[in-house]
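Subject: A structure for you to look at

Hello,

Here is the structure I promised to pass on to you. Have a look first, and then read my notes on its salt bridges below.

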Amino acid sequence: ASGAPAPSTAENPSILHYRFDGPQAGGKIVATRRPPDLTAKIEVNADLTDDLTQVSYALDLELTSGPPDWVDVSFHAATHDALTWVLPDGFRAEQLDGDSRPATGTETWRITLPRKAVPRVRLSASWRASRNSRTEIPLPSISQATATTGQVAVSFPVELDLTAELKGLTT
């Protein structure tokens with residue numbers, strides 16, 4: 001078999017053609033799946049009042065090559081079963097067992113995508129908790145994302161002290 005592929009056709013540029021050429025022609029074709037290329041834009045809006053914390057999350061995902069079967073969304077503080085997902089049809093969220101790690105407070109959710117996932121999708125969630133003397137607001141990250149952008153907006157009364165423990169976030 002000739003090592004160089006024949007030119008692809010104009011109708012389907014993803015088809016490669018090879019020619020057998022010679023008495024001992026043979027070989028094999030090895031196909032490997034490219035890892036999905038996924039970018040994420042995350043918007044978090046937190047509203048703290050004297051007695052309640054409400055947070056909304058919008059995770060805009062753009063799949064630029066090969067949709068994955070799932071994405072993992074990790075929250076860097078436990079949600080204590082107060083997280084509610086709003087997902088497009090065919091998507092499903094499940095908390096991974098044993099992933100709420102008390103030492104780190106990290107909690108991971110697996111979002112399963114349908115077989116025919118669209119290239120752009122918005123995942124939404126909300127979280128609310130009664131405000132105690134100390135409230136940790138969980139911020140998400142997506143492990144498969146090759147790039148992440150976005151912002152966090154927090155509104156709070158002046159009598160609250162707000163401290164941010166940031167990793168990869170700037171003010």
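The side chains of Arg122 and Asp60 form a salt bridge, with 2.7 Å from N to O. The term stands for a side-chain nitrogen of Lys or Arg within 4 Å of a carboxyl oxygen of Asp or Glu. Arg122 belongs to strand β7 (residues 120-130) and Asp60 to strand β2 (residues 52-65), so this pair ties together parts that are 62 residues apart in sequence. Strands here are DSSP runs (E, at least two residues), numbered from the N terminus.

Please keep in mind that this is a predicted model, where local features need pLDDT of at least 70 and side-chain atom pairs count only at pLDDT 80 or more, while totals for chains, interfaces and linings use all residues. Residues are numbered from 1 along each chain as its sequence is written, and side-chain values use heavy atoms, leaving out hydrogens and water.

How accessible are the two partners? Arg122 is partly exposed at 44% relative accessible area, and Asp60 is partly exposed at 22%. (Buried means under 20%, exposed over 50%, and partly exposed in between, with a 1.4 Å probe and protein chains only.)

Glu62 and Arg120 make another salt bridge, their closest N and O atoms being 3.4 Å apart. Glu62 lies in strand β2 and Arg120 in strand β7, so the pair ties together parts 58 residues apart in sequence. Arg120 is exposed at 61%, whereas Glu62 is partly exposed at 29%.

The structure holds five salt bridges, including one between Glu43 and Lys41 (3.8 Å, N to O). Glu43 is buried at 18%, and Lys41 is partly exposed at 42%.

Enjoy exploring!

Notes:
Helix = DSSP H or I, 4+ residues; strand = E, 2+ residues; numbered from the N terminus.
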